[in-house]
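Welcome! Take a look at the structure first, and then we can go through it topic by topic.

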Amino acid sequence: MPPPPRAPVDPRSIRADDLRYLLTVARARNRASAAAELGVDASTVTRRIRALERALGTRLLQQGAAGWSLTERGRAVAESAHPIEAAVERAVGAVAGGDQHLLRGNARVTAPDAFGACFVAPAMVRLRAAHPDLTVELLTATRELNLHQSGFDVAITLGVPANARLVSEPVSDYSLGLYAAQHYLAEHGTPETLDEIRSHPLIWYVDSLLQVGELDLDKHLPGVTPTLMSTNVFAQVAATRCGGGVGLLPAFVADRHGDLQRILPRAVDVRLTFSLAARRDRLASPTVLAIRDAVRAEVAGRRDELLPAVD
């Protein structure tokens, strides 16, 4: 027999503030942290979430190894709740006027490993210096953006994420080149052509785990197979500095190390793009706008690191 039809939801039974509780738990991924952000105890958070689930007649949160996350219906409800949270932020801003410490609460930013560490982290330090009541969570990994990831406010991605629920804009191009340790080149010789690169171990990502089309090695070095691989760019840099072979590395990371030498800079100068994305219904959030401005300001002051001159 088909399941009985769901009872209609009475909008009067839903408290708008309970939706803010849902968003806070989704971002924090545990109820204790959410309670601290909301200024209540954990039992209040539990009670408010359960009340919202009863009013809607469905489970909104589920617990996993990494903490609490939204169910499929929970994600749909959260998407609808973001404008309520943004409206509250605007109302506070209207009352606070020119208060420089306006931003508060939690903000979650996702970014690729290297860009997150080298550019987003210092940008967030400066943002928090201006808004000390704001708590920032920076999640770094080089992988395809997961829209089901709970509660991110801003995402820095490689390329342009293809999803109608996101609005994205380019932040900056950046350069990748071939690098090797000077002691490695002294022992094994410096490659003079692309064909000679094939006789050296190549250090790169684990393609089967990457799932980022822009980093498909065949697009940049056709016919070259990596022999030492890591999902983390800093591990790739370390392996290159240890003499493990030739690494295809972001210039803004590799050029920080004087013991690395760029090889064939004119023949191999890969240009990729970092984009900044946010959910369409969060674009007007003062927190999202402040994060965007902070990242763009950090990039504008250091663009020569991302796109160094090629000798």
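Does phenylalanine 119 count as buried or exposed? With a relative accessibility of 1%, phenylalanine 119 counts as buried. Please keep in mind that this is a predicted model.

**Aromatic rings**

- Seven aromatic pairs turn up in a search of the whole structure.
- One of them is stacked: phenylalanine 115 and phenylalanine 119 lie 5.2 Å centre to centre, with 10 degrees between the planes.
- Both of these residues belong to helix H5 (residues 113-130), where they are four residues apart, about one turn of the helix.
- Phenylalanine 115 also counts as buried, because its relative accessibility is 0%.
- Tryptophan 204 and tyrosine 205 form an edge-to-face pair, because their ring centres are 5.0 Å apart and their planes stand at 80 degrees.
- Tryptophan 204 is buried at 1% relative accessibility, and tyrosine 205 is buried with a relative accessible area of 6%.
- A cluster linked by ring pairs takes in Phe115, Phe119, Tyr174, Phe252 and Phe274.

**Charges over rings**

- Arginine 31 places its charged end over the ring of tryptophan 68, 4.1 Å from the ring's centre.
- Arginine 279 has its charged end over the ring of phenylalanine 152, 4.3 Å from the centre.

**Helices H2 and H3**

- The axes of helix H2 (residues 31-38) and helix H3 (residues 42-56) come within 8 Å and cross at roughly 100 degrees, so the two helices are roughly perpendicular to each other.
- On the H2 side, Arg31, Ala34, Ala35 and Leu38 meet Ala42, Val45, Thr46 and Ile49 of H3.
- By class, this contact has six nonpolar residues, one polar and one charged.

Key: Residues are numbered from 1 along each chain as its sequence is written. This is a predicted model: local features need pLDDT of at least 70, side-chain atom pairs count only at pLDDT 80 or more; totals for chains, interfaces and linings use all residues. Side-chain values use heavy atoms; hydrogens and water are left out. Axes are lines fitted to C-alpha atoms, for helices over the stretch in contact, and angles run from 0 to 180 degrees between N-to-C directions. Angles under 35 degrees count as roughly parallel, over 145 as roughly antiparallel, 65 to 115 as roughly perpendicular and the rest as oblique. Contact means heavy atoms within 4.5 Å. Ala, Val, Leu, Ile, Met, Phe, Trp, Tyr, Cys and Pro count as nonpolar, Asp, Glu, Lys and Arg as charged, and the others, Gly among them, as polar. Rings of Phe, Tyr and Trp (its six-membered ring) pair if their centres lie within 6.5 Å; planes under 30 degrees apart count as stacked, over 60 as edge-to-face and the rest as tilted. Buried means under 20% relative accessible area, exposed over 50%, partly exposed in between (1.4 Å probe, protein chains only). A charge sits over a ring if NZ of Lys or CZ of Arg is within 6 Å of the ring centre and within 35 degrees of the ring normal.
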